[in-house]
Amino acid sequence: MTYLNSLNLQHNQLSGSVPGQFNLERLSTFNVADNRLSGPIPTGLGNKFQAPSFTGNQGLCGNPLDGCGASSKSKSTAAIIGAVVGVVIVVIVGVIVVFFCLRKLPAKKKAKDEDENKWAKSIKGTKTIKVSMFENPVSKMKLSDLMKATNQFSKENIIGTGRTGTMYKAVLPDGSFLAVKRLQDSQQSESQFTSEMKTLGQVRHRNLVPLLGFCIAKKEKLLVYKHMRKGSLYDQLNQEGKDNKMDWPLRLRIGIGAAKGFAYLHHTCNPRILHRNISSKCILLDEDYEPKISDFGLARLMNPIDTHLSTFVNGEFGDIGYVAPEYARTLMATPKGDVYSFGVVLLELITGEKPTQVSTAPDNFRGSLVEWINYLSNNGLLQDAVDKSLIGKDNDGELMQFLKVACSCTLSTPKERPTMFEVYQLLRAIGERYHFTADDDLVLPPMSTDGETLNELIVAQ
């Protein structure tokens, strides 16, 4: 502690004697007044500091205080040892804590940020690689343009993270926005990836986030999307403050639009696509709150020959709270599994609750949102699940119809669930008076894969 300049230990209930080690060359301020110290004051300290630095200690003696007797001197050795241990430990611990807080923590955070951005630095040498664009919002775009627009893919530009990767906001020189996704652990070869991206680049629908382009740089695979200003449905539903609550017509419109997009993927798109990772986080909202589905096709495309089953990639199931119960047994992705996941999203819309925890449930309830809904349904209390901010506004009948459609999607038996096209038709019928939809671009016979007609399903509801 040779660089110590000031030491103030006043009013600390310290006992024992004053250690001679405190006689440091640089020490200019020293105060041990109002403690329980005893024994002689070290000569160097006594000659250097005035009496107020030592007053308030009944057992303390020596210059600049009163002189000490022989008995006091004989007791000082043991007291010095105890005081040295106590005071030095207090000072050292204090200095270490201050040093750690001011130096170590920022350094550790900086090192962590640098490690998280290490992948972006590894592709700097490939800046001249061109970005393959399906549309032409920006001409002759290169990887260097993406890196500049995302501030070298900085942490501050992250707008979302998920099982498929991390999404970054890109600000172009003209002030417009794009979203760039870095795929997580993609194992496909360059040719396989390019082929799949070209297929997805041709998929266009009002309720899908358009894939604008892609880029391969070393082992990194980047996708370029249109930016959605309102973020995800999950973010909108979980904003803090009552003023931010979404009203019922808006929630219904979002549910209908999202169902239409998923129905297009399942039934109209060629080849048909299973999403496999449906959640309220993959449903994005534009400036008009029009729902746009993201991350579609990032799992393996549905085999056009075997249109019902497709194995999981790397055994991944999807986000917690959205996974169909049969997946743990079959390890197979199915259209009805997507329907289950979308049913959880519908439950989020109607209840305002999160899929893995229910704020309105009793403290002893530890289940998911679906389990809570099943509990209320079995006890004849299903109406209690509806978000209280939506009730009593002349749409209670629509709320219960919507809730029943959501419940039908989350039935434990896959065959009992409706198809995605049927879900869309049911929701569209609920919102008919709002005139949300114009001419329908989903032209399908009203027949489910299980042989049940749509009219029969509506009666069952």
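This is a predicted model: local features need pLDDT of at least 70, side-chain atom pairs count only at pLDDT 80 or more; totals for chains, interfaces and linings use all residues.

Residues are numbered from 1 along each chain as its sequence is written, and side-chain values use heavy atoms, with hydrogens and water left out.

Begin with the open sheet. Three strands make it up, in the order S2-S4-S5, and their pairing is parallel. Two strands count as paired if DSSP finds at least two bridges between them. The edges are strand S2 (15-16) and strand S5 (59-61), and each pairs on one side only. S2 runs parallel to strand S4 (residues 36-40), and two bridges join them. Within this pairing, Ser15 stands opposite Arg36 in S4.

Strand S7 (residues 158-162) and strand S8 (residues 165-171) are joined by four bridges. A hairpin of two residues connects S7 to S8. Which residue in S8 is the bridge partner of Thr161? The partner is Thr166. In a regular strand, side chains alternate between the two faces of the sheet.

The backbone exceptions come next. Most peptide bonds are trans, and most residues other than glycine have a negative phi.

Two cis bonds deserve a look. The peptide bond from Asn63 to Pro64 is cis, with omega near 10°. Pro64 sits in the loop between S5 and helix H2 (70-116). Pro271 lies in the loop between helix H7 (248-268) and strand S12 (283-285).

That loop also holds Arg276, between H7 and S12. Phi of Arg276 is near 75°, a positive value in a residue other than glycine. Is Arg276 buried or exposed? Arg276 is buried, with a relative accessible area of 6%. Buried means under 20% relative accessible area, exposed over 50%, and partly exposed in between, with a 1.4 Å probe and protein chains only.

Gln152 also has a positive phi, near 60°, and is not a glycine. Gln152 lies in the loop between helix H4 (143-149) and S7. Gln152 is partly exposed, at a relative accessible area of 26%.
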